[in-house]
Amino acid sequence: MKVVHVIEALGGGVYTYFRDLSTFFGDDEINKSIETTIIYSGNRKEIDSQKIKSEFSDGVKLIQVNMVRELSPFQDLKSAYNLAKELKKINPDIIHLHSSKAGVLGRVAYFFLFKKKKLFYTPHGYSFLRTDISKTARNIYWQIEKNFQCFFGGTIVACGDTEQEIAKKIGPAKLVRNGIDIENVQEHYAPHQNEKLTIGIMARITAARNPEMFNQIALKFPDFNFVWIGDGELRHLITAPNIRITGWILDRKTVLRELNNVDIYMQVSLWEGLPIAVLEAMALQKPIIATNIIGNKDAVLHGKTGFLFTDISELDQFFETLKDEETRSQFGQNALDRCRELFDKNQNFKQLLALYQE
């Protein structure tokens, strides 16, 4: 069986997801029955495109096709054409598209194959949930998702529970939760002691991750230290003197060391699929404070592994609770237990494998 994955947004948590996917499906035993190809675009700043081949398993084939994040009619047509050429060469049994842009380009390319294939699509966070665009734009994205699903068919594979509930309104939907390599992340766990309570986030500094709110929170709590692990186009919105921005870190061990050194992990996203960064923080036994949105609320158990909030005013109480080291330790252990129960990549990729073999 030949399976092709197509992804444009190969950065951040999606990069981690695909690196782990390559390890699982590149395994010699699985390779005997499934041949996996990943078609990707290496344009994201937060990744080193030269490292992809060394960090991904040799057991999968990698093909680079230029795709751009923004709407660009000429480049998008060119990308769809090049995708179709690659798909014709491979002649796959299954095409699995990931994220909105590849979902559109991949289905246009699929149409030009003129041969019916099994088609899967994982949104990793629907574009029509974005809050940095107008209601009209959100409605256009909704119509694109709905109409493309109706026209091209296929099965939506949601990466989180709430995403599946939304997906069911669009078309046939299955749930295969995002997962991580828990044991690999756990290797970077080490006890530490910060002089001041340190709250961290790991993400691109972009509208989806809400840097303005993170900045407001840091200003409201000047006695705490804050760290943003990453960089991005909205860096200028972070002005609080108690926030340290690491910049892009392309070495995974350094990233996880930074993540291990925080006391509380904070995810202030405006929209999500199911954030890999939150799962990695859970695997490092960090209590999570997160906005009460799709994705975050699928990972965090309020009052047990962390807290969900809708307004900054709620944070006084949550920080007061988590100032206590023993409480943080208990929440962190609960987070690790939940990660092992629901977000283990081996269990979840086995579910994906079973879906392909149906």
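Predicted model: local features only at pLDDT ≥ 70, side-chain atom pairs only at ≥ 80, totals over all residues.
Me: Why is Phe 151 called exposed?

Reply: Its relative accessible area is 57%, and exposed means over 50%. So Phe 151 gets that label. You'll find Phe 151 in helix H6, residues 135–152.

Me: What makes Phe 151 part of a nonpolar patch on the surface?

Reply: Patch residues need over 30% relative accessible area and no salt bridge, and nonpolar side chains are joined within 5 Å. Phe 151 is at 57%, and Phe is on the list of nonpolar side chains. The patch also takes in Phe 111, Phe 112 and Phe 114, and the four have about 490 Å² of accessible area together.

Me: How do you know that the buried residues of H13 sit on the same side?

Reply: The residues in question are Leu 315, Phe 318, Phe 319 and Leu 322, in the helix that runs over 315–322. They cover an arc of only 95° around the axis, which means they share one side of H13. The face turned away from that side carries Gln 317 and Glu 320, which are exposed.

Me: What covers the buried residues of H13?

Reply: Several elements do, including strand S8 (198–202), helix H9 (211–220), strand S12 (288–291), strand S13 (306–309) and helix H14 (325–342).

Me: Why is Asn 91 called partly exposed?

Reply: Partly exposed lies between the buried limit of 20% and the exposed limit of 50%. Asn 91 has 37% relative accessibility, so that is the label it gets. It belongs to the loop between helix H4 (73–90) and strand S4 (94–98).

Me: Why is Ser 99 called buried?

Reply: Buried means under 20%. Ser 99 has a relative accessible area of 10%, so it counts as buried. Look for Ser 99 in the loop between S4 and helix H5 (100–111).

Me: What is phi at Asn 91, and what is it at Ser 99?

Reply: Phi of Asn 91 is near 50°, while Ser 99 has about 75°. Both values are positive in residues that aren't glycine. Most residues other than glycine have a negative phi.

Definitions and conventions:
Residues numbered from 1 in each chain as written. Heavy atoms only, no water. Patch = residues over 30% accessible without salt bridge, like charges linked within 9 Å, V, L, I, M, F, W, Y side chains within 5 Å. Areas by Shrake-Rupley, 256 points an atom, 1.4 Å probe, with all protein chains shown as cover. Salt bridge = Lys/Arg side-chain N within 4 Å of Asp/Glu carboxyl O. Helix = DSSP H or I, 4+ residues; strand = E, 2+ residues; numbered from the N terminus. Buried < 20%, exposed > 50% of the residue type's maximum accessible area, 1.4 Å probe, protein only. Arc of directions from axis to C-beta. Contact = heavy atoms within 4.5 Å.
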